[in-house]
Amino acid sequence: MGMATTTTYTAKLIDGPLEGKTVSTDFLDSGDARPRLKIAASAGSKHYLYVLASGAEVEYASEDGRGELPTAVSYRYLETVFD
């Protein structure tokens with residue numbers, strides 16, 4: 001079983017109702033960025049579903065990023081889910 005990590009990264013929301021916003025999220029136990037993000041709306045009983053962008057823009061703390069986890073990853077809007 002993988003070891004839990006507390007390392008976080010910034011998810012950059014590049015379109016949809018939360019376009020331009022960023023949220024901090026944890027990596028999966030494998031060290032990979034999360035493939036989907038479920039973000040609660042500020043009001044009402046709905047949430048937004050964002051998915052890892054195809055060809056996602058990934059940022060690293062250093063220029064080459066070798067051996068590092070990304071510091072930021074881009075996500076695209078998929079749908080609004082009403083609870």
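**Exercise 1.** Is Tyr77 buried, partly exposed or exposed?

*Solution.* The model is predicted, so local features need pLDDT of at least 70, side-chain atom pairs count only at pLDDT 80 or more, and totals for chains, interfaces and linings use all residues. Residues are numbered from 1 along each chain as its sequence is written, and side-chain values use heavy atoms, with hydrogens and water left out. Buried means under 20% relative accessible area, exposed over 50%, and partly exposed in between (1.4 Å probe, protein chains only). Tyr77 has a relative accessible area of 28%. Tyr77 is therefore partly exposed.

**Exercise 2.** Describe the aromatic pair of Tyr50 and Tyr77.

*Solution.* Rings of Phe, Tyr and Trp (its six-membered ring) pair if their centres lie within 6.5 Å; planes under 30 degrees apart count as stacked, over 60 as edge-to-face and the rest as tilted. For Tyr50 and Tyr77 the centres are 5.6 Å apart and the planes make 65°, an edge-to-face pair. Tyr50 belongs to strand β4 (residues 46–52) and Tyr77 to strand β6 (residues 72–82), 27 residues apart. Strands are DSSP runs of E, at least two residues, numbered from the N terminus. Tyr50 is buried, at 0% relative accessible area.

**Exercise 3.** Treat the pair of Tyr9 and Phe27 likewise.

*Solution.* This pair is tilted, with 4.6 Å centre to centre and 40° between the planes. Tyr9 lies in strand β1 (residues 8–13) and Phe27 in the loop between β2 (22–26) and β3 (36–40), so the pair ties together parts 18 residues apart in sequence. Tyr9 is buried at 1% relative accessible area, and Phe27 is buried at 2%.

Technical notes: Helix = DSSP H or I, 4+ residues; strand = E, 2+ residues; numbered from the N terminus.
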